[in-house]
Amino acid sequence: MSNRNENDTYIIPPNFVDTGTFFGGMFKARNVIEAGILSAAVGIPVCIFLPMGLTAKIIVLCLTALPIALFALIGISGESLSSFLVI
């Protein structure tokens, strides 16, 4: 009789249990929604009202809407911007 212990070890990734995340668990859904709203609030007026060519509009969007969206995705201290402002 052998006393062999048969233990199956399964490695569960840390983002497996995180529901409501995007991009492989990197960003919370709340941060993604806030980033979309903020970038649309900046990007739509730039596209509509700025009297420049397409290339210039893309450059202005890269300098304004893109940093705002990235800042909203990251958040402050792991929290979304709106929850940080409310507290």
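A residue is called buried when its relative accessible area is under 20%, exposed when over 50%, and partly exposed in between, with a 1.4 Å probe and protein chains only. The structure described here is a predicted model, in which local features need pLDDT of at least 70 and side-chain atom pairs count only at pLDDT 80 or more, while totals for chains, interfaces and linings use all residues. Residues are numbered from 1 along each chain as its sequence is written, and side-chain values use heavy atoms, with hydrogens and water left out.

The protein contains three helices and two strands, where helices (H or I, at least four residues) and strands (E, at least two) are DSSP runs numbered from the N terminus. Along the sequence these elements follow the pattern β-β-α-α-α. Of the 87 residues in the protein, 17% are buried. The exposed surface comes to about 7,000 Å², and carbon and sulfur atoms supply 70% of it; accessible areas come from the Shrake-Rupley method with a 1.4 Å probe, and for residues only the protein chains shown count as cover. Contact means heavy atoms within 4.5 Å. Among contacts between residues at least 6 apart in sequence, 49% join residues at least 24 apart.

Helix H1 covers residues 29-49, and its 21 residues reach 30 Å from the first C-alpha to the last, close to the expected 30 Å. The expected span of a helix is 1.5 Å times one less than its number of residues. H1 has a kink of about 25 degrees centred on Ala 40, the bend at a residue being the angle between axes fitted to the seven residues ending there and the seven starting there. The buried residues of H1 are Asn 31, Glu 34, Ala 35, Gly 43 and Val 46. These residues pack against strand E2 (27-28), helix H2 (54-74) and helix H3 (81-86). An α-helix has 3.6 residues a turn, so residues three or four places apart point the same way.

Helix H2 also has 21 residues. Its end C-alpha atoms are 29 Å apart, which agrees with the 30 Å that the helix should span at 1.5 Å a residue. A kink of about 35 degrees is centred on Cys 62. In H2 the buried residues include Lys 57, Ala 65, Ala 69, Ala 72 and Leu 73, and their cover includes E2, H1 and H3. After H2 comes Gly 75, whose phi is positive, near 80 degrees.

Lys 57 of H2 counts as buried because its relative accessible area is 18%. Leaving aside neighbours within four places in sequence, Lys 57 is in contact with Val 46, Cys 47, Leu 50 and Met 52. The C-alpha atoms of Lys 57 and Gly 43 are 9.3 Å apart, with the two residues 14 apart in sequence.

The largest nonpolar core has six residues: Phe 27, Ala 35, Ala 69, Ala 72, Leu 73 and Leu 81. H2 supplies the largest share of this core, three residues. A nonpolar core is a set of buried Ala, Val, Leu, Ile, Met, Phe, Trp, Tyr and Cys residues joined through side-chain atoms within 4.5 Å. With neighbours within four places in sequence left aside, Ala 72 is in contact with Asn 31, Glu 34, Ala 35, Leu 38 and Leu 81.

Leu 81 lies in H3 and counts as buried at 13% relative accessibility. Leu 81 and Glu 34 are 47 residues apart along the chain, and their C-alpha atoms are separated by 7.8 Å.

Ser 80, in the loop between H2 and H3, is buried, with a relative accessible area of 4%. Apart from neighbours within four places in sequence, Ser 80 is in contact with Arg 30, Asn 31 and Glu 34. The C-alpha atoms of Ser 80 and Ala 29 are separated by 9.7 Å, although the residues are 51 apart along the chain. Ala 29, in H1, is partly exposed, with a relative accessible area of 21%.

A search of the whole structure finds zero disulfides, a disulfide being a pair of cysteine sulfur atoms within 2.5 Å. Cys 47 is partly exposed at a relative accessible area of 38%, and Cys 62 is partly exposed at 42%.
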